[in-house]
Amino acid sequence: MTAANDPTIGAVASISCFDFGAVARTLTDPAVRRGYVEAFEDELLPLRGTSGETLVAEMEAAGDAWSLAGLAPAWPTARSCSSAPAGTP
């Protein structure tokens, strides 16, 4: 997101991209939302002071502002690739 808003950055590489905006659109289903809360809880060991619930609420609040596809117009010549479907936990 930072690179899309900074024209001095010419390229970005991501080892493990995750489209938070795409996932946020799926969180209206309570079972899906609960699944992401639980999945994030299992991955929080290196992060202190947060929770799966907090991270999911932040995704919901950001919504499409965190969509990778929505950032694409900022990089008209950029190419992207992903080895996993958007939103894979």
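Predicted model: local features only at pLDDT ≥ 70, side-chain atom pairs only at ≥ 80, totals over all residues.
1. Overall make-up. The protein has 4 helices and 0 strands. Read from the N terminus, the order of elements is α-α-α-α.

2. Burial and surface. Of the 89 residues in the protein, 26% are buried.

3. Contacts along the chain. Counting contacts with a separation of 6 or more, 60% are between residues 24 or more positions apart.

4. The buried side of α3. Helix α3 covers residues 52-62, and its buried residues are Gly 52, Val 56, Met 59 and Ala 62. These residues lie on the same side of α3, because the arc they cover around the axis is only 125 degrees. The cover over them includes α1 (20-24) and α2 (30-41).

5. Geometry of α2 and α3. The axes of these two helices are 7 Å apart, and the packing angle is about 130 degrees. Angles over 145 degrees would count as roughly antiparallel and those of 65 to 115 as roughly perpendicular; α2 and α3 are therefore oblique to each other. The crossing of α2 past α3 is right-handed.

6. Residues at the α2 and α3 contact. On the α2 side, the residues involved are Arg 33, Tyr 36, Val 37, Phe 40 and Glu 41. On the α3 side they meet Gly 52, Glu 53, Leu 55, Val 56, Ala 57, Met 59 and Glu 60. Gly 52, Val 56 and Met 59 are also among the buried residues of α3.

7. A buried serine in a loop. Ser 67 sits in the loop between α3 and α4, the latter being residues 68-71. Is Ser 67 buried or exposed? Its relative accessibility is 6%, and buried means under 20%, so Ser 67 counts as buried. Apart from neighbours within four places in sequence, the residues in contact with Ser 67 are Asp 19, Gly 21 and Arg 25. Of the helices, α1 spans 20-24, and Gly 21 is one of the contacts of Ser 67.

Conventions
Residues numbered from 1 in each chain as written. Heavy atoms only, no water. Buried < 20%, exposed > 50% of the residue type's maximum accessible area, 1.4 Å probe, protein only. Contact = heavy atoms within 4.5 Å. Arc of directions from axis to C-beta. Axes fitted to C-alpha atoms, helices over the stretch in contact; angles between N-to-C directions. Parallel < 35°, antiparallel > 145°, perpendicular 65-115°, else oblique. Left-handed = near helix turned anticlockwise from the far one by under 90°.
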